[in-house]
Amino acid sequence: MQSQVAHQIERTSLEDEISTEATFDADELSPAELRQYRARNERMVVVPQIGADGNATGLYTVYSQSGKKYLVDDMGDEKCSCKDMKHRSPDGGCKHVRRVRLLIRETALPAAGEPVEPFFDSDLSEVTSSPR
Ligand SMILES: [Zn+2]
C-alpha cells in the first residue's frame, strides 16, 4: 500500500521522461517493486519437484545467483525457505516465490498437479544459458 501512496504524484509526461533519458536507481523502487524487479531480472534456475505420478508437486527448488538454494511451496499461501519470507513475509511473496509464479504464468513451468515433462522438453535453455 505504501508504494501506491508514494506514487500518487503528478503524472510525468512521456516527453519529459524521454528528454531527460531518465536513469534507473533501485532506491526509487518500493520494497515490493524491488522484489518484482529482482524476481524478473536476477539469475535463478527453478526446478519443479516431480511427484510419483509425474506431475509437479507444487514444490520448487530455486537456485539463486548468490549460490544459495531455496525451496518454494506454491500451494495456497506463498512459502519460501529464504530469510525475506521468514522475517518479513511480504505481500505477494519474496523474489523466489514471484519468480516461480512468473515462470508458471509465462513459460512451461508446471503448476502443482500439471505434468512436468513439457517443461523438461522445452525449458532447459534457461538452465544452460550463460549469464547476461
Ligand atoms: Zn524466497
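Predicted model: local features only at pLDDT ≥ 70, side-chain atom pairs only at ≥ 80, totals over all residues.
**The helices α3 and α5**

- Helix α3, made of residues 31-41, and helix α5, made of residues 95-106, have axes that come within 8 Å of each other and cross at roughly 55°.
- The two helices α3 and α5 are therefore oblique to each other, and the crossing in which α3 passes α5 is right-handed.
- On the side of α3, the residues that take part are Arg35, Gln36, Arg38, Ala39 and Arg40, and they meet Lys95, Arg98, Arg99 and Leu102 of α5.

- Four strands form an open sheet in the order β1-β2-β3-β4, and their pairing is antiparallel.
- At the edges of the sheet lie β1 (44-50) and β4 (79-80), each of which pairs on one side only.
- Strand β3, which covers residues 69-73, runs antiparallel to β4 and is joined to β4 by two bridges, and Val72 stands opposite Cys80 in β4.

**The loop residue Asp77**

- Asp77 is found in the loop between β3 and β4.
- Because 9 other C-beta atoms lie within 10 Å, Asp77 is exposed.
- Although Asp77 and Gly93 are 16 residues apart along the chain, their C-alpha atoms are separated by 8.9 Å.

Terms used
Residues numbered from 1 in each chain as written. Axes fitted to C-alpha atoms, helices over the stretch in contact; angles between N-to-C directions. Parallel < 35°, antiparallel > 145°, perpendicular 65-115°, else oblique. Left-handed = near helix turned anticlockwise from the far one by under 90°. Contact = placed C-beta atoms within 7 Å. Pairing = 2+ DSSP bridges. Buried ≥ 20, exposed ≤ 12 C-beta atoms within 10 Å, placed from the backbone.
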